[in-house]
Structure formats: C-alpha cells, structure tokens
Amino acid sequence: MRQPTLLLLLLLLPQPLWAFLQTTTDDGKPIYWTNECVVYHINELGPPDLADKEGTFAAIRQSFQTWNNVTCSYLRMVDGGLTDITKSGDNDSSRNLGINVLIWREKGAWPHQKKVIALTSILFNPDTGVIADTDIELNSDFSFSVGDENVKIDVQNTVTHELGHTIGLDHSTVIESTMFASAPLGEIKKRTLESDDIDGICQIYPIAQNPNNCDLSNVGFISATRGTSSCIATRYDPPTDSRAPRSIVLLLVISGVCIGLGKRHGRRATDSL
Amino acid sequence: MRRTLTAWLTLAVLFSTAPAEATIVLQLSDATLARDADAIVHGRVVSKSAAWHTTTRRIYTTYQIEALQFVKSPTISTQRPRTLAVRVLGGTVGHYGMRVAGTTRMSVGDEVVLFLERVRGEWMVLGMSQGKFEVYRDAKTNTRWVRARRTGLTLATRDKSGRLMYTHAKPRPDRRFDAFLQQIRNHLKAKR
C-alpha cells in the first residue's frame, strides 16, 4: 500500500482505536478493583461555601448512579453513606484500608500545593494492580456549584469524571467522552457518560465476568474515632498465599458483626441528610 | 524527504492526543512560578525514599536535592542549604503503591530546576509537575537544555472576568538552560 494511502486511512480511522485508557502501575500493569461493588463515603461536611448541602450529596449520588446505569458492566458504585473521616490514603491509624472517601478540604486547610483544585489518589498493590483504596479531595478555596443555574465548578460533572479515575480509567482521547481531560467552566455534559466511557468500564468489568462478591459490610456511617465506627471489613491484605484464607475468615467474621451495626449507622446516615 | 514527512505526519496523528490524568491545577506561567516560588533551585537528585507519613497516612516520596545554585534563595532562611528535602505525594512502600496524577517523579542523578513552595513545613514542587524542569545536555552541541513535562494534569486558567476554564496540558518546547535561567531572573527582577 502506498504511504499517502496509508496515512489517509490512519486519518480516517474511527477514534476508538486510541480511545479510553486504563491507568497502570509504574511497570505497566493495569489497575482495577477485584470486587463487584466499590463503596464510597462522602464526608459529612460537604463544600463549606455551598448552602445546598443536600443538593450536593444528591449530585454525588447521581454520579454514582450514572456509572451504575451501564448494563454491560458488573461494577457497582455504592453510596456508603456519610463519614466524618477526614483522612485520605490509609484512612486511619489502625491501617484499615478500603474506606473510599470523597471530601472537601476546608478553606485554608488544603494539605497539598496551593494551586491544586482537585486531586484523586489511588492506593493499589504494585505487584498486581489491584486497587485497595481511592479518595477524591476537592479544594474549598475554589467555588463549586450544583444545579443548572450559576454554574461554577459543577459538582456532578467533576465527580462523575473523577469516579471514572477511581475505577482505573485514565483520560480518554475522545473529546466528547466524560473521561476526556478538559472541561470548560460551567460544563455539565460530563454528568452523563458517552459510548467511550461505557466501553471503558465494560472492558475492565464485563458483566459476563461478574465475580458476585459484593461486600456491603462497610455501608453506613463510618466514624474516624474507632469507638463509634460501624465496621470496616474491606481490608487490603498483601498478596501472600498464606494470608489469603485468614483474610477471608476475617472478612466473614467482621461482615457478620457489621450487619447489625451497619443498619444502625445506616439509619444515622440517613437521618443526618 | 517525502517518506520522512509521511512518517512524521503518521506519528503526529498517532500521538497528537497524549493521555493524561486526574489532578486539576491552576496553570502557572514562568512569571507566576518565579513570583510564587518560595525557592528556586537548580540541583541534582542524590537520593529518594518513600514512606508512610505518620499523621496524614499517605505515602510520600522524599527526594534529596543537592543544590548546585539557587536562582531564588529560600524565603524562610537567610542561609542557603546544600541540600533540600522535597516531598512528593505518592510512591511505593512494600506492597502498597500510591498514585496521584500530575505529581513530579524524579530519578537519582537527574539534574533539575525546581520551583518550590513551603507547605506545612515541607518543600513541595509548586503547581505539581509544572514546577519541575529537567536539565539535559545535547551531546552534539554540548549545550544544556531544559524540558518541561506537565503530564497528568488538567490545567485551569482564569478568563478576564476571573472565571475558571479548564484546558489540557500541552507540551512546551525545550529551552536553552542559560536563557531559561536568565528569563527566570528577569521575572524576579521585574517583580521587585
């Protein structure tokens, strides 16, 4: 084939050939969740300069739902309720991982570089790429908004995009997709997904390969003080075969204990809305 | 000639939309970097180590930077330290890896120009990866150049009314090292 013809064909190729991308470890392993369900907790404080706190939480829940509406993927984003946890990363000193927190840092309390508006961190096993924890931090020194009027940095738009990152999706090269990098101020089109985003989640988490291991034991209000916390059963164990059976037993035991607690704290979470 | 042109065009088509990641940060010009930095150091990475931060429970990688020269002396001290510890979010500790898009990554031996800010008593790179410039030598001409890599960032800029607009971080052309430093010094003089 002549080179100009080849070039022309390349130009005419549909974009999906280099569309959605999966985030990888340093040595190129794709990162992903092994669970059917990923539970997220929203810090109860919400954005300090947004009076419509309920509207903000509803917008975030709508972002979860947007991803959950994809029928060709088994992955489910679960609203775990509210939390007063303010730490990201390894969320508490007892080294319980897997508490995925979405948090607005208070004005003047942003712990990172001052010019950063939003930051998503992902904790994973570098040997396997399995995600253990992910947190979204938003800087309250910048103005966010919900709803269709006076749109600033739209909460639902931003969170839907960031949630894509928390499940292992990198930025897409498709301009129309939710996972495209750029978003003009006031943009709301990323509230919904485009075919490229759907291709991404379905490729990584195809419905036909559902592991059916949805662990909802840490749903409900989770307190930063261990004394009043409900349960934190989604542990991350280093990948050694000898530990695997123990972690399963531990998970089952904690899950059993948490059923009752989860209901109680779930009620608290609902009440506090 | 035609074949070379075709090859370059093909490459341009393939790589014209490079992937990036999730951190949203204000876009900083050289002048803003110079103005807002608490220190600007030209140095070399002599060591790096990752550890859990005891209070924030995050993994940070600490780079020890041997200062070859200060373009802007640390504003917190009258003394010019020989080394600076620069802390970057993310890294690998045992079976845990933490990834935050847009953070600076360096290797031991790298020669860099870093625009640093002081955050809660620690040196951090200003504007995430925007504040790091790699220094490399062109073997043919024996000249030094600086290269900016702003991968992993979604940049936000303000329009005339102060509203934020997001934009994809575009690659910046490499610049001659001496000219770059002089430009930074000019920005610093203009600031005064």
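Of the 273 residues in chain A, 56% are buried, where buried means under 20% relative accessible area, exposed over 50% and partly exposed in between, with a 1.4 Å probe and protein chains only. This is a predicted model, in which local features need pLDDT of at least 70 and side-chain atom pairs count only at pLDDT 80 or more, while totals for chains, interfaces and linings use all residues. Residues are numbered from 1 along each chain as its sequence is written, chains are lettered from A and ligands numbered from 1 in the order in which they are written, and side-chain values use heavy atoms, with hydrogens and water left out.

Chain A has five helices and nine strands, taken as DSSP runs numbered from the N terminus (helices H or I, at least four residues; strands E, at least two). Their order along the sequence is α-β-β-α-β-β-β-β-β-β-α-β-α-α. Where contacts (heavy atoms within 4.5 Å) in chain A join residues at least 6 apart in sequence, 70% of them join residues at least 24 apart.

Beyond its neighbours within four places in sequence, A:Ile167 is in contact with residues including A:Ile31, A:Trp33, A:Leu75 and A:Tyr205.

Over all chains there are seven aromatic pairs, meaning rings of Phe, Tyr and Trp (its six-membered ring) with centres within 6.5 Å, counted as stacked with planes under 30 degrees apart, edge-to-face over 60 and tilted for the rest. One of them joins A:Trp104 and A:Phe144 edge-to-face, at 5.8 Å centre to centre and 85° between the planes. Because A:Trp104 lies in strand 4 (residues 100–105) and A:Phe144 in strand 7 (residues 144–145) of chain A, the pair ties together parts that are 40 residues apart in sequence. A:Trp104 is buried at 3% relative accessibility, and A:Phe144 is buried with a relative accessible area of 3%.

In chain B, ring pairs link B:Phe115, B:Phe133 and B:Phe180 into a cluster. The table lists charges that sit over rings (NZ of Lys or CZ of Arg within 6 Å of the ring centre and within 35 degrees of the ring normal).

| Charged residue | Ring | Distance from ring centre |
|---|---|---|
| B:Arg87 | B:Tyr60 | 3.8 Å |
| B:Arg147 | B:Tyr136 | 4.2 Å |
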